[in-house]
Structures are given as C-alpha cells and as structure tokens.
Amino acid sequence: MSSITQGNAALPGRASVVVIGGGIMGCSTLYHLAKFGVSDAVLLERNRLTSGTTWHSAAQVRALRSSRNLTELIRYSISLYGDLEKETGQSTGWICKGSLSVAASEDRLTHVRRQMSLARAFSVRAEAITPQQAQEMWPLMNTKDILGAVFSPDDGRVSPSDLCAALVKGARTRGARVFEKAGITGIMTQGGRVVGIETPQGQIRCDAVVLCTGLWSRENAAMAGIDLPVWPCEHFYLLTEGISGVDGNLPTLSDHDSHLYIRDDSGGLLVGCFEPMGKAIAPGAVGHDFEFQLLDEDWDHFEPMMRNAMHRLPILKEAGVRMLLNGPESFTPDGAFILGESAETRGLHIGCGMNSVGVATGGGAGMALARSILDGKMPMALNEVDPARFPSCFTSIGALCERVPEVLGKHYEIGYPGSQMKTARQLRKPPLFSKWRQEGAHFGQVYGWERPLYFNREAEPVLSFGRPDWFEQVGREVEAAHHKSAIFDQSTFGKIRIAGTDAEAVLNRICSSNMARSPGAVIYTAMLNHEGGFESDLTALRLSEEEYLLYVGTASIRKDLTWLRRHISDSDRVTVEDVTEEWVVLGLMGPRSLETAAACGLSGLEGLAYFRHMRTELDGMEIIAARISYVGESGWELTCRPRDAVPVYRKLRDNGAVPAGAYAQTSMRIEKRFLSYGHDLDQDINPFQCGLGFLIGWDVDFIGRPALEALRERVPERALVTILLHDPEAWALGNEPVWCDGRIVGLTTSAAYGYRMGRNLALGYIDTGIAECLDGAVVQVEIAGEMRDGTVSLKPVFDPDGVRMRQHQR
C-alpha cells in the first residue's frame with residue numbers, strides 16, 4: 001500500500017474511515033470505530049488534539065435532554081467516562097457530584113419540576129428539594145429569593161483534555177492512528193459519494209469521511225459542496241482565585257433565572273453564563289492558526305452576569321479574579337447539534353455544531369456516529385440532530401449571525417409552550433403571507449417558513465404553563481371548523497413529484513401500501529426502514545398512470561427526498577422532483593365547506609368519495625381537490641398554483657370560510673387521534689404500535705416488510721392511547737410520564753386542549769401489558785411533579801359522524 005509522509009510519520013494512502021478533527025467528537029468517533037472493529041481508521045488534526053473549543057470547555061455533563069434518545073446518548077457518555085480510566089489507565093478527571101437547579105420564580109420552578117418529571121420518565125434520577133436543602137448543598141449561596149430546587153445526583157464533569165487523551169489511547173491500542181499537524185485541502189467525491197481526502201502531502205483514499213472540525217466545520221464541509229448551518233459565538237466564564245469555604249467538590253449550581261452555571265475549580269469558582277443575547281463572531285476572526293488561543297475579554301458584556309453572580313454568591317464581591325475566559329463555540333439555528341450522514345453526499349458523516357454540549361454528548365454521539373458509519377443507520381431515532389433538518393435559507397452568513405446569538409441565550413430560557421425565535425424570521429414566506437398578516441396572524445417558524453399559529457392577535461402573547469393567551473382565539477377557529485367552514489394553510493407541506501414508467505413499481509418498493517391504485521386515488525402511506533419503523537408518513541395523489549404527487553411533512557422534505565433517491569436505482573425509469581414551491585394547499589374544512597365551495601363555483605366536489613381527488617376549476621384557475629381531512633371534520637384539500645392563491649382564498653373567504661391556524665389544527669387532530677411525525681411517529685415506532693396497521697399492503701414487497709412479518713403475530717411492546725385529563729387546569733404539553741399502580745408505564749407525545757370535547761387531552765404510548773386492559777381506566781399524568789388523573793381511551797375520543805377519516809401526515 002502506498003503512503004505519504006507527514007513529518008516523521010507516514011500518512012496511509014488508504015483507510016476505511018478518515019476522521020477529521022481532534023476534539024471530543026473526533027476522538028470519541030475514532031475510539032468507537034476502533035472498538036467496533038475498524039482497525040485502520042485514522043484521525044487527522046490540523047493543529048493539536050483538543051485545540052479550538054474542546055480544551056477550554058467547562059465540561060459539564062448533565063444527563064437530561066429533551067428526548068429519551070438524546071438523554072440516552074449522555075447517559076452512555078457518563079458510563080463511558082467513568083469506565084475509560086479502568087480500560088486505558090488514563091484518568092478522565094470524571095467527578096460525579098450531581099447538579100443543583102434552583103428557581104427564583106414560579107414559572108422557573110414549574111420549568112425545573114417539569115424537567116424533573118421528564119427525567120423520571122427517562123430513568124434519570126432527580127428529586128425536588130427545598131431552598132433550605134439547596135443551601136446545605138451550597139452553603140455560600142444566597143437563597144432568600146429561591147422558591148425551590150431540583151437535585152440530579154448522577155450529573156458531573158470531566159477534564160476535556162484528559163478525556164480526549166483516554167479516548168485516543170483506547171483507539172490506538174486497537175490499531176487506529178492519529179496524526180497532528182495534518183490538515184486537509186480537499187474532500188474527493190465521485191458519483192455523489194466520498195472516495196478520499198486531499199492533504200498537502202497527497203491523497204488518502206477511503207470509504208467514509210467524518211467531519212468533526214468544530215469551528216471550521218462549515219469551511220471543511222464546503223470542500224464537498226455542503227453548506228452547513230453552523231456559526232461560532234463568544235462564550236464566557238470567570239475563574240476566581242481561591243475562596244474560603246470552597247472545599248472539595250460541589251454539585252454544579254444552575255441558576256438559570258440569572259443565566260448562570262457555577263462550580264468549584266481548584267479551590268476557587270468557575271462562573272459561566274449563557275446571557276440572553278450572545279455575540280456572534282465576525283467572519284475570519286478565528287483563523288486556521290487559532291489553536292489554544294482565546295478571544296479578548298469583554299467585561300462590559302459580562303458585567304450584568306457578574307452582578308447576577310454576586311447576588312447569588314455574595315462572597316464573589318470579595319474574590320480575586322484569575323481571568324475572564326472568552327472562547328469560541330459553534331451553534332446551529334435551532335440549538336441542536338448536527339450528527340449523521342450528509343443528505344447530499346454518501347459517506348460524508350458529520351458531528352459538529354455542538355451548542356456547548358460537546359463534552360456531555362460526545363461519548364454517546366461518537367458511538368452513534370460510528371454505528372451509523374458501520375450499519376448505514378443511526379442506532380436509534382435522532383431526528384432532532386439529523387443534518388437534513390435545515391432548509392438552505394439558514395446557511396447564509398447573515399441568517400446565522402442573526403440567529404446564533406439568540407440560540408445561545410435560549411439555553412437557559414424557560415421552556416414555555418408557544419415560544420418562538422425572534423431573529424432570522426421571514427426567510428420563507430408562503431404565498432398568502434400578506435393576507436395572513438391582514439387577518440392578524442401570529443406566526444411560527446417551521447423549516448424557515450412563516451406559518452400562521454392563530455388569528456385575530458391583539459398583542460404579543462404572554463407565555464405561561466397554564467391556560468394560554470390564545471385560548472379564546474383558537475377556540476373560535478375550532479368552532480368555525482366544527483360548525484361552519486374554515487381555511488387551513490397547508491402550503492408549507494413538502495411536495496414531491498414522482499413520474500415515469502416505473503413510478504408505480506418504485507413506490508410499491510419504497511412505500512408500505514399498495515400504490516397500484518387508479519388515477520384519482522389518494523393514498524395515505526408510509527416509508528419504513530428495514531426494522532419496520534417510520535421514516536416518513538405521507539399522502540400520495542395518483543395523478544396519472546405514470547405520475548404521483550406526494551405530500552410530506554414541512555420539515556421532512558430534504559430527509560424524505562434523500563430516502564427516496566437512495567432507494568431508486570439507476571435502472572429505474574423515474575424522475576424525482578421537489579415541487580414544494582410550485583403548489584399551494586388550502587384545507588377547506590367543516591360541515592359547511594361544501595356549501596362554501598358551491599357558492600364559490602367549485603363544482604363536482606359533492607360526488608367526490610373519501611380518498612379520491614379530482615381536477616376542477618375556479619374562475620379558470622386549475623385546482624386539485626382531494627377528499628381528505630386532518631382535523632376530523634368533513635373537508636377537502638385544495639391544491640392550486642401560487643399565482644392563484646390570493647384569488648382562491650378571497651373567494652373562499654367571501655363565501656363564509658374563516659382562516660384557522662396550526663394550533664386549531666393540532667387540537668383537532670389530537671382529538672381525532674391523527675398522528676404527527678416527530679411527535680407521535682419516528683424511526684423507532686412501527687405501524688402495529690400506533691394503530692396504523694392498515695397502512696401495510698401485504699400484497700406488495702416493500703422495505704421493512706420482513707421485519708413487520710416477524711412482528712405480525714406478536715403483541716406490541718407499547719401501544720398508542722388517548723388520555724382525557726379530569727382537571728380542566730391540568731395543561732399537558734407532551735413528554736410527561738404516565739403512571740399506573742405506582743409506576744411509570746408510558747409517556748405522552750402530543751397534548752392540547754380539545755375544544756370539541758371540552759377537556760385537556762394527550763396522546764401517548766403505554767406499555768402493552770397495561771394498555772390492553774386500560775380502556776376506560778384511570779391513570780395519572782405527571783405534570784411538573786404533580787399527579788393529574790386522566791381516563792384512557794384506546795380509540796379516538798372524537799368522531800363527528802362515525803366515519804373513519806384518514807390519518808394524515810405532518
């Protein structure tokens with residue numbers, strides 16, 4: 001085998017996998033590749049190991065995250081960091097003293113108690129404690145304004161440099177090689193797949209490249225033609241001199257009302273912050289030679305946080321300051337890191353944009369990335385960090401520099417329902433955006449799109465965990481859809497055109513239902529993975545013998561296009577196009593929708609059966625009308641060209657229909673038990689568990705069928721249920737533990753107030769050993785540490801006329 005030289009060491013001419021970047025993500029990925037049997041993997045670091053961001057990380061490791069699987073990644077990290085020293089003989093500096101979250105406001109107390117409840121659901125230890133108990137753990141703390149706290153005993157911290165040294169040692173003992181002062185100049189691709197990398201000394205051919213280059217990930221991804229939405233912000237923490245009373249190790253103190261985290265450090269204190277609005281770093285400020293450097297101190301920016309810190313720990317007023325550390329860290333537009341294979345280039349795997357959780361997540365994330373490289377899929381559903389989740393509008397420097405400072409500040413913000421980002425807005429506006437503004441819409445941003453949440457907004461909503469500010473407005477919209485007719489803008493849904501001689505055969509291979517329906521059919525179906533889990537649920541309109549139009553979730557379009565294209569062979573005679581912006585979709589819903597349509601001059605709708613569509617016209621404008629509903633009321637989805645959106649809407653509005661937003665749609669779909677991908681469905685859920693077995697076409701051979709055949713006669717381990725809460729002031733949000741007979745038996749997935757039922761309700765999954773006999777039984781939903789009774793239903797709780805509407809996507 002040929003090789004190229006790097007200093008006194010020779011870079012190989014060939015490796016199975018090349019990992020680029022020697023921070024926590026690169027070292028962890030290399031370690032796990034070697035552990036899983038890839039003995040010829042190599043890591044290239046342009047400078048030295050841990051340079052850039054890892055070396056100056058505060059290295060907190062807190063287990064709880066927003067989902068079970070993200071939490072599992074950190075729980076894996078905690079286990080790994082504790083065991084590495086035994087395996088390698090190299091200390092990681094792991095200290096397990098727990099974390100203490102204090103609350104100085106009622107809403108913060110609700111927030112931390114909701115986190116405590118979620119931790120219990122994910123088997124993470126957490127307990128509510130009194131202010132007095134909190135002060136016993138942190139005697140230096142001023143607790144006069146503290147209302148309560150939550151203690152998590154298994155959290156800890158680690159030495160990032162020692163951790164990377166242990167990971168590298170473990171990798172090297174298994175044959176992996178590490179090269180410092182070894183940068184890359186290019187990533188080679190052929191036919192949409194990685195084939196190697198280029199260095200100043202020559203090429204290394206490989207099957208996979210892993211980008212773990214932190215601050216420089218955007219620049220390196222561009223070598224493969226990939227735009228990564230990552231950008232650095234300044235991140236500050238203060239180091240004090242020795243302080244009397246700081247003896248030994250203490251739990252990490254989280255005072256998020258003050259935007260602070262505080263821990264002991266070498267006899268003094270480390271005081272860090274995630275201030276409400278961070279500072280983006282100017283382009284070019286962090287050059288290739290930025291190794292173990294720091295950014296300039298900024299005491300003016302840090303001063304408000306320092307005042308907060310002196311309030312919480314008065315002893316800081318007398319403490320000497322060693323330094324104010326200002327180090328760059330990378331952030332993404334939504335605050336979640338990027339992990340997985342690129343949607344555009346096979347074999348290019350990404351682990352970056354860690355949003356200040358790199359050390360905490362690194363062990364588990366490196367494991368998941370290594371498994372993805374070897375198995376061709378993630379070991380668990382991780383849609384929150386999928387590289388395909390961002391639209392191209394978020395890759396511009398302008399949008400990133402505007403958004404990431406807010407993302408940094410969101411780290412410690414109270415997680416109110418309905419909270420929306422304020423920066424980098426109006427990046428994508430649907431054709432009816434101006435009309436919605438005239439109707440007083442309050443918008444939410446989804447996949448860059450501005451989407452109406454509700455209408456007739458009088459002022460910016462005051463957010464809370466109780467009855468929402470928009471309760472009455474949404475109620476009026478539901479009332480219109482339930483008794484009259486309402487218009488739902490569904491234009492942001494992704495739309496994919498599949499056309500060609502083999503269109504039917506290809507979709508029968510990729511989709512779970514039999515797609516051999518006559519033109520005019522509407523087919524609700526799914527794309528499943530080889531384990532039978534949902535990659536997507538979608539609606540297909542068969543336009544002709546050789547053409548289908550697929551409607552997919554708003555945020556799923558890139559992911560679904562990638563899945564389709566990767567399962568279509570060169571010999572298949574089909575074309576696949578993203579036509580999202582070529583069509584507008586308006587949902588006309590309600591018992592008087594047919595009356596509205598007739599008054600507008602839309603003819604033929606009265607004879608259209610469920611799951612059928614037809615072409616019609618309105619004043620000469622082409623419309624595809626599909627007899628389907630996502631809200632449990634009679635209705636049609638009307639698809640037209642963007643140029644016709646305003647006149648079509650005006651016609652509907654002038655003839656009695658009123659606009660309704662996403663919140664009304666969510667309430668109604670939960671009552672009808674229509675599911676939403678990303679909430680109620682993901683890659684780990686199969687059709688038997690969620691009651692969508694009717695999507696399986698046993699007469700076709702589709703991806704995932706063998707797995708479903710093996711499950712066909714088994715009782716699912718968990719089953720979908722609806723829970724109607726008894727207390728009208730019990731406001732579930734989703735992600736709450738469900739208890740029965742004194743133990744946790746499930747978790748809610750979606751929740752809303754059901755206006756047609758007059759009750760708060762939630763969807764969720766319950767262990768089948770319980771669910772089989774729970775129809776009509778009473779369970780408890782834990783909301784912010786309090787048990788709220790609810791009645792279980794194994795069927796939809798609302799059905800207007802006994803006719804089963806079709807389950808829909810999004």
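Gln-60 sits in strand S5 (residues 60–61), strands being DSSP runs of E of at least two residues and helices runs of H or I of at least four, both numbered from the N terminus. This is a predicted model, in which local features need pLDDT of at least 70 and side-chain atom pairs count only at pLDDT 80 or more, while totals for chains, interfaces and linings use all residues. Residues are numbered from 1 along each chain as its sequence is written, and side-chain values use heavy atoms, with hydrogens and water left out.

- Gln-60 counts as buried because its relative accessibility is 17%; buried means under 20% relative accessible area, exposed over 50%, and partly exposed in between, with a 1.4 Å probe and protein chains only.
- Beyond its neighbours within four places in sequence, Gln-60 is in contact with Gly-156, Arg-157, Thr-252, Tyr-261, Ala-360 and Tyr-412, where contact means heavy atoms within 4.5 Å.
- From Gln-60 to Gly-764 there are 704 residues in sequence and 32 Å in space, C-alpha to C-alpha.
- Thr-54 belongs to the loop between strand S4 (42–45) and S5.
- With a relative accessible area of 9%, Thr-54 is buried.
- Not counting residues up to four places away in sequence, Thr-54 touches Gly-23, Ile-24, Pro-160 and Cys-164.

**Nonpolar cores**

- In soluble globular proteins, nonpolar side chains tend to be buried together.
- Here the largest nonpolar core has 64 residues, and Phe-337, Leu-339 and Leu-382 have the most contacts inside it; such a core is a set of buried Ala, Val, Leu, Ile, Met, Phe, Trp, Tyr and Cys residues joined through side-chain atoms within 4.5 Å.
- Elements giving two or more residues to this core include strand S3 (14–20), helix H1 (24–35), helix H2 (68–88) and helix H8 (358–375).
- H8 provides the largest share of this core, 8 residues.
- Apart from it lies another core, of 28 residues, among them Trp-138, Phe-236, Leu-313 and Leu-324.

**A six-stranded sheet**

- An open sheet of 6 strands runs in the order S31-S32-S33-S30-S24-S34, with mixed pairing; two strands pair if DSSP finds at least two bridges between them.
- At the edges are strand S31 (613–618) and strand S34 (658–660), each pairing on one side only.
- From one strand to the next, the twist averages 30°, with axes being lines fitted to C-alpha atoms (for helices, over the stretch in contact) and angles running from 0 to 180 degrees between N-to-C directions.
- Strand S24 (residues 486–489) and S34 run parallel and are joined by 3 bridges.
- Within S34, Pro-659 is the bridge partner of Ile-487.

**Cavities and a pocket**

- The structure holds 2 cavities of 30 Å³ or more. On a 1 Å grid over the protein atoms alone, a cavity is a set of points where a 1.4 Å probe fits but cannot get out, and a pocket is an open set with protein on both sides within 12 Å along at least five of seven lines; lining residues have an atom within 4 Å of a point.
- The largest cavity has a volume of about 90 Å³, a volume being the space filled by probe spheres set on grid points that are joined across faces, edges and corners.
- Its lining includes Arg-451, Phe-455, Phe-488, Asp-489 and Gln-665.
- The second largest pocket holds about 1,100 Å³ of space.
- That pocket is lined by 46 residues, of which Gly-376, Lys-377, Met-378, Glu-535 and Trp-563 are the closest to its centre.
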